[in-house]
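Please have the sequence and the model at hand.

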Number of protein chains: 2
Amino acid sequence: MKTKLRTHFEALVPLTDDEFNFVHSHFSSQTAKRSTYLIKEGEPVKYVYFVISGLLKLIYTNESGEESIVSFAMEDWWESDYMAFYSGSKAHLSLQCLEDSVLYRISLEDYQNLCDKSQKMLRFFLQKAQRGHIGSQQRIISFLTLSAKDRYEHLIDRYPALLQRVPKTQLASYLGVSRETLSRLYSSKSYLDRTT
Amino acid sequence: MKTKLRTHFEALVPLTDDEFNFVHSHFSSQTAKRSTYLIKEGEPVKYVYFVISGLLKLIYTNESGEESIVSFAMEDWWESDYMAFYSGSKAHLSLQCLEDSVLYRISLEDYQNLCDKSQKMLRFFLQKAQRGHIGSQQRIISFLTLSAKDRYEHLIDRYPALLQRVPKTQLASYLGVSRETLSRLYSSKSYLDRTT
């Protein structure tokens with residue numbers, strides 16, 4: 001588990017043993033059963049989470065109680081309600097486990113301390129934030145320019161494992177379509193799979 | 001103009017005169033007439049731009065040549081095709097001036113040099129990237145959860161100046177609705193303005 005975290009950092013910044021141990025001391029580990037809420041709307045957001053294994057969903061719930069999935073987070077992904085985390089405000093999103101999950105987590109105080117003390121980790125977090133921004137921009141473009149069908153095709157091309165791991169209702173919520181629309185797409189895709 | 005840049009940095013990180021002059025030496029200034037393309041799809045992306053005055057639009061053009069507006073950038077905003085800028089790939093977005101604009105710009109080499117040499121600027125860019133990520137996440141939530149009417153209301157509540165500065169066709173393209181839909185919303189809003 002510690003090795004996975006180190007490999008993840010070292011993909012962007014090389015660390016000596018001492019440096020990694022210092023970085024590691026700022027994180028704590030957590031296991032969470034399927035359905036556990038790591039962040040709940042309206043409550044303080046104490047941590048950013050890093051997924052060692054498992055699957056999370058970041059959810060926005062509207063006034064009528066309907067859920068929209070803002071993002072999924074699987075192995076090697078970071079997730080939080082970042083706006084609330086950085087600003088200290090209450091969560092306006094929720095983060096829930098879709099599978100039993102093993103996680104690392106870091107508090108704002110530890111995060112800031114790490115950024116103060118380690119230029120390498122500052123650089124690491126900058127690159128992660130840039131990638132997060134770019135990923136979100138790609139998703140905005142997909143909403144502006146792609147049909148539900150094309151958004152679905154893109155998603156399963158990019159993350160084929162999601163189809164096996166995520167209930168169709170949740171995929172529909174991520175794509176911003178109804179369960180019925182997704183079922184139509186899903187069956188035509190299965191048909192394509194069988195005939196090609 | 002130099003003062004505006006300094007004020008912008010110092011809102012997040014205090015800088016001595018020497019530090020600011022060092023930072024400033026990594027930027028060059030540029031003026032650009034309305035309609036000028038700062039970034040063109042398919043071409044290399046040399047710079048990230050900071051808007052001193054004026055207004056830009058970041059555009060995605062689909063295979064049929066239809067334009068979608070990914071974002072507007074006005075005074076004090078940073079904009080680029082970040083994916084192409086950081087990776088060195090060709091632009092898949094275009095950046096065009098909607099008004100005569102005065103800009104600062106920084107190349108990838110200067111950006112990396114600045115991050116290497118100045119921990120304060122590394123921290124500044126981290127905060128900007130985080131805010132960019134959060135802003136994009138908010139927009140994703142608006143696509144998932146709001147009607148076109150509500151997206152329009154949010155936009156003009158947040159950036160009332162856009163209504164005066166941006167042609168309605170462009171606003172429609174940003175909101176992901178047709179020009180006709182926006183006109184309907186626009187006239188009902190004007191009606192509300194007159195009666196309240």
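## The chain interface

Chain B and chain A bury about 3,400 Å² between them, and carbon and sulfur atoms give 69% of that area. Buried area is the accessible area (1.4 Å probe) that two parts lose on being put together, summed over both. In chain B, the residues that lose the most area to chain A are B:L126, B:I140 and B:L144, together 17% of what that side buries. In contact terms, 37 residues of chain B meet 37 residues of chain A. Contact means heavy atoms within 4.5 Å.

This is a predicted model, in which local features need pLDDT of at least 70, side-chain atom pairs count only at pLDDT 80 or more, and totals for chains, interfaces and linings use all residues. Residues are numbered from 1 along each chain as its sequence is written, chains are lettered from A and ligands numbered from 1 in the order in which they are written, and side-chain values use heavy atoms, with hydrogens and water left out.

## Polar links and elements between the chains

There are 2 salt bridges between chain B and chain A. A salt bridge is a side-chain nitrogen of Lys or Arg within 4 Å of a carboxyl oxygen of Asp or Glu. A:R123 and B:D116 meet in a salt bridge, at 2.5 Å from N to O. Polar contacts join 11 residue pairs between chain B and chain A, both residues at pLDDT 80 or more. A polar contact is a pair of N or O atoms within 3.5 Å; within protein, one must be able to donate a hydrogen and the other to accept it, and residues adjacent in sequence count only if both atoms are side-chain atoms.

Six elements of chain B each supply at least two residues of the side that touches chain A: β4 (56-61), β5 (67-73), α3 (82-87), α4 (108-117), α5 (119-145) and α8 (168-175). Helices (H or I, at least four residues) and strands (E, at least two) are DSSP runs, numbered from the N terminus. The largest share of this side, 19 residues, comes from α5(B). By class, the side of chain B that touches chain A has 21 nonpolar, 12 polar and 4 charged residues. Ala, Val, Leu, Ile, Met, Phe, Trp, Tyr, Cys and Pro count as nonpolar, Asp, Glu, Lys and Arg as charged, and the others, Gly among them, as polar.

## Two domains in chain A

The domain assignment divides chain A into domain 1 (2-145) and domain 2 (147-196). Such bounds come from an automatic or database domain assignment. The domain centres, taken over C-alpha atoms, are 25 Å apart. In chain A, 18 residues of domain 1 are in contact with 11 residues of domain 2. The two domains of chain A bury about 1,300 Å², with 57% from carbon and sulfur atoms. In domain 1, A:I69, A:F72 and A:M74 lose the most area to domain 2, together 35% of what that side buries.

The domain interface of chain A holds 2 salt bridges. A:R165 and A:E99 form a salt bridge, their closest N and O atoms 2.8 Å apart. β5 (67-73) and α5 (119-145) of chain A each give two or more residues to the domain 1 side. β5(A) gives the most, with 6 residues.
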